[in-house]
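Here are my notes on this model, point by point. Please read them with the structure open.

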Amino acid sequence: MSTENLPQSPGRQSPGQPPLRKPRVAVVFGGRSSEHGISVVTAGAVLRAIDRSQYDVLPIGITTDGRWALTADEPDRMAIADRRTPSVEQLAESAEGGVVLSVDPGSREVVYTEPGAVPKALGEVDVVFPVLHGPYGEDGTIQGLLELAGIPYVGSGVLASAVGQDKEYMKRVFISFGLPVGPYEVIRPREWELDPSAARKKIIDFAGDHGWPLFVKPARAGSSIGITKVDDLSGLDAAIEEAQRHDPKILVEALLRGREIECGVLEFEDGPRTSVPAEIPPVQAHDFYDFEAKYIDSASGLVPAPLTEEQTAEVRRLAVDAFEAASCEGLVRADFFLTEDGEFVINEINTMPGFTPISMYPRMWQETGVSYPELVDLLIRAALRRSTGLR
């Protein structure tokens, strides 16, 4: 795909002058969340897919303690090996050096600093591809930083990213727009701190209304990390403790019996379009589609999902409705349950879904006719078309 119509920096030149430089893409990955390793894996896939004849690339990793590090552009080192995910610490070119992004909207300069050395200018960045998952990245925080810096970026803005990360407020938004949502309960940090017995009773009463098993999960995490399927009261405290290791606010959801269906949304110039949907079938040796099933055992979904034409049309419509309800941009994976009554219930959206070539979002678009490299290119081009600020 040509990038001749993309914004260029520093500006257009007259005929006869040297050609403009290629747009520069900073791929930012890693981060402080429990999804650090999966973000690194995703970055490796994105770096491998970016067309280097069209774009210059600057890989920037964020360590688990929050340091921005200059990393090697070596995608092969960013893969899962021996059932372990990689880390930015393994890839950083220096154990102490750091990358500093200017928050002056008149400058898109990136500077590398190291103790005892003169800061080194790394040049300007035209667009950021933040492949961060979870808090401190996917939740609107880095999006806010990039808005202050005036640098375009791939994906949703501050509000949509925050809504997409916090499952409680995501559900509240969906309900306000008339989208079907399953039964849930929330235990906020203060409730648990002040009166854990009352908070526990709140969950038990919820189970009395909707039955066991329940799913106890961190309200603001992803990749199925920290989720426990609780079959009865005896497993409740351990599930709460596990969820709170990742987030002091927890979400409790009733079991919805049916099929798990996913659909990808991608923003084009004329608006959001949807992929063919996929189905996540029951995974042997796993109670549900958890982290191990997704990333370690590489459990495969069915693409396209075996649905009727009417069901396919309905889930695609609901996916766009969810995208618009949360004011999303760029991309979203919308996850649904198709209940035994034949109704779709939206579970959640992911504003930066798993994005390795074997992840469901790219696989759905591959089946729809958009290859992985084309998908990466479309997202970068869309970000370069879009300005920062109110829009």
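1. Helix H1 (36-49) has 14 residues. From first C-alpha to last, H1 reaches 20 Å, close to the 20 Å expected at 1.5 Å a residue. The expected span is 1.5 Å times one less than the number of residues. H1 is mostly covered, with 13 of its 14 residues buried. Buried means under 20% relative accessible area, exposed over 50%, and partly exposed in between (1.4 Å probe, protein chains only). Helices (H or I, at least four residues) and strands (E, at least two) are DSSP runs, numbered from the N terminus.

2. A word on the basis. This is a predicted model, where local features need pLDDT of at least 70 and side-chain atom pairs count only at pLDDT 80 or more, while totals for chains, interfaces and linings use all residues. Residues are numbered from 1 along each chain as its sequence is written, and side-chain values use heavy atoms, with hydrogens and water left out.

3. Helix H12 (residues 372-385) also deserves a look. H12 has 14 residues and reaches 20 Å between its end C-alpha atoms, close to the 20 Å expected. Of these 14 residues, 11 are buried, so H12 is largely enclosed by the rest of the structure. Among the buried ones are Tyr372, Asp377, Arg381 and Leu384. The buried residues of H12 pack against H1, helix H11 (360-368) and four strands, E1 (24-30), E7 (127-130), E12 (258-268) and E15 (331-339). Contact here means heavy atoms within 4.5 Å.

4. The structure holds 30 salt bridges. A salt bridge is a side-chain nitrogen of Lys or Arg within 4 Å of a carboxyl oxygen of Asp or Glu. Look at Glu168 and Arg188: their closest N and O atoms are 2.2 Å apart. Glu168 lies in helix H5 (residues 167-176) and Arg188 in the loop between strand E8 (184-187) and helix H6 (189-194), so the pair ties together parts 20 residues apart in sequence. Glu168 is buried, at 0% relative accessible area. Arg188 is partly exposed, at 31%.

5. Which residue forms a salt bridge with Glu168 at 2.8 Å? Lys249 does, taking the closest N and O atoms. Lys249 sits in the loop between helix H8 (236-244) and strand E11 (250-254), and Glu168 in H5, so this pair ties together parts 81 residues apart in sequence. Lys249 is buried, with a relative accessible area of 5%.

6. Glu329 and Arg386 meet in a salt bridge of 3.5 Å, N to O. The pair links distant parts of the chain, 57 residues apart: Glu329 in the loop between helix H10 (309-325) and E15, Arg386 in the segment after H12. Both residues are buried. Salt bridges with shared partners join Glu147, Glu267, Glu329, Arg386 and Arg391 into one network.

7. The second largest pocket has about 210 Å³ of space. A pocket is an open set of points on a 1 Å grid over the protein atoms alone, where a 1.4 Å probe fits, with protein on both sides within 12 Å along at least five of seven lines; lining residues have an atom within 4 Å of a point. The lining includes Glu147, Glu329 and Arg391. Helix H4 (residues 158-165) gives the largest share, three residues. By type, the lining divides into four nonpolar, three polar and three charged residues.

8. Pro115 is in the loop between strand E5 (109-113) and strand E6 (120-124). Pro115 counts as exposed, at 55% relative accessibility.

Note on methods. Grid points are joined across faces, edges and corners, and a volume is the space filled by probe spheres set on the points. Ala, Val, Leu, Ile, Met, Phe, Trp, Tyr, Cys and Pro count as nonpolar, Asp, Glu, Lys and Arg as charged, and the others, Gly among them, as polar.
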